[in-house]
Amino acid sequence: MDYKKAGVDIEAGYKSVELMKEHVKKTMREEVLGGLGGFSGAFSLAKIKEMEEPVLLSGTDGCGTKVKLAMVMDKHDTIGIDAVAMCVNDIACAGGEPLFFLDYIACGKNYPEKIATIVKGVAEGCLQSEAALIGGETAEHPGLMPEDDYDLAGFAVGVCDKKDMITGENLKAGDVLIGMASSGVHSNGFSLVRKVFEITKESLDTYYDELGTTLGEALLAPTRIYVKALKKVKEAGVTVKACSHITGGGFYENIPRMLKDGVCAVVEKDSYPIPPIFTLMAKTGNIEEQMMYNTYNMGIGMIVAVDPADVDKTMEAMKAAGDTPYVIGKIEEGEKGVKLV
């Protein structure tokens, strides 16, 4: 008896590392110390000394049951972007710059080419957010997971000067809400998605005129990363007063997280186009509107609140980063919460 007969192929693990190295190298920053394969990832903090009061920010998340679609479609090159996005968007939402990322892949059996493809997506997410991929783990779990199954999660660390943190404490009535378009469902609510649609290869390969693509391609579209857009806004000299990453819990749970007591957010539902995937989902699953806004991003992945005088500069900066912004509402005095009108 040996480890391989027990279900864990160490040689496959070595091959995975070799195959993923070319993708990982692309994400390196000058602060990264050492190479891939050490017991820990090392990152120099020398530059942080330039800040008055540096604060480390962290985020950890996974892709939820969206990985099931990747498995059914046998398409694994974008799910890694989702894992990175979920972490770095949270860091950027607090005003931070993501520095590095680590991934964790649990699988029933290590297929080196598949693992390398997943990590290729992780590396792409790191490139989009300018974070270094400095480490990770691929764990084979024979007997615990089916051979073809896997799960993916990650952890990111960022930094921000305390004076630049986005806290919401200076919000006031009259401030304007600007939302940036999402790329689709992102990485939340897929347990409901899988109840609404039949998750088979045939179903996911079905083309829908209203989507302009297949159902699977629309659902698997990777989560938009907003790090560069928020960085551009900061470079434009705009103070973002509050920020919300619209993830699980949709508008009703996430927008109040950016508010201080005594103010509420008023969002105009018709102020931006709702992507057709959400309309199709609501119709097919007979899902009430409130449940849709309480589960999904409904086409808006990140919301910032700025002074009315900064609206034009903010939108120009977001567009310069390749994002699509909309003025979607305002801040009013009232009980902390969100109103959709």
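**Notes on the model**

1. In this predicted model, 27 residues of domain 1 are in contact with 30 residues of domain 2, where contact means heavy atoms within 4.5 Å. Domain 1 covers 3-164 and domain 2 covers 175-340, with bounds that come from an automatic or database domain assignment, and their C-alpha centres lie 25 Å apart.

2. On conventions, residues are numbered from 1 along each chain as its sequence is written, and side-chain values use heavy atoms, with hydrogens and water left out. Because the model is predicted, local features need pLDDT of at least 70 and side-chain atom pairs count only at pLDDT 80 or more, whereas totals for chains, interfaces and linings use all residues.

3. An open sheet of four strands has the order β3-β6-β4-β5, with mixed pairing; two strands pair if DSSP finds at least two bridges between them, and helices (H or I, at least four residues) and strands (E, at least two) are DSSP runs, numbered from the N terminus. Its edge strands, each pairing on one side only, are β3 (54-62) and β5 (132-140), and the twist averages 15° from one strand to the next. Within the sheet, β4 (residues 97-107) and β6 (residues 150-161) are antiparallel partners over ten bridges, and Phe100 stands opposite Val157 in β6.

4. Two helices pack on this sheet. Helix α3 (residues 79-93) touches β3, β4 and β6, and its direction makes about 30° with that of β6; helix α4 (residues 112-129) touches β4, β5 and β6, and its direction makes about 165° with that of β4. The axes are lines fitted to C-alpha atoms, for helices over the stretch in contact, and angles run from 0 to 180 degrees between N-to-C directions.

5. The largest nonpolar core has 93 residues, and those with the most contacts inside it are Leu219, Phe251 and Met281. Such a core is a set of buried Ala, Val, Leu, Ile, Met, Phe, Trp, Tyr and Cys residues joined through side-chain atoms within 4.5 Å, with buried meaning under 20% relative accessible area and exposed over 50% (1.4 Å probe, protein chains only). Its largest share, ten residues, comes from α3; domain 1 and domain 2 both give residues to this core, so it lies between them. Apart from it lies another core, of nine residues, among them Phe43, Ile48, Phe100 and Ile134.

6. In helix α12 (residues 311-320), Val311, Thr314, Met315, Ala317 and Met318 are buried. Seen down the axis, these buried residues fall within an arc of 160°, so they line one face of the helix; the arc is that of the directions from the helix axis to the C-beta atoms. On the other side of α12, Asp312, Glu316, Lys319 and Ala320 are exposed. The cover over the buried residues includes β7 (176-181), α8 (227-235), β12 (300-306) and β13 (325-333).

7. Strand β11 (residues 263-267) has five of its five residues buried, so it is largely enclosed by the rest of the structure. Val263, Ala265 and Val267 lie on one side, and Cys264 and Val266 on the other. β11 pairs with β13 in the antiparallel sense over five bridges, Val267 having Gly329 as its bridge partner in β13, while four bridges join β11 to the parallel strand β14 (residues 337-340), where the partner of Val266 is Lys339.
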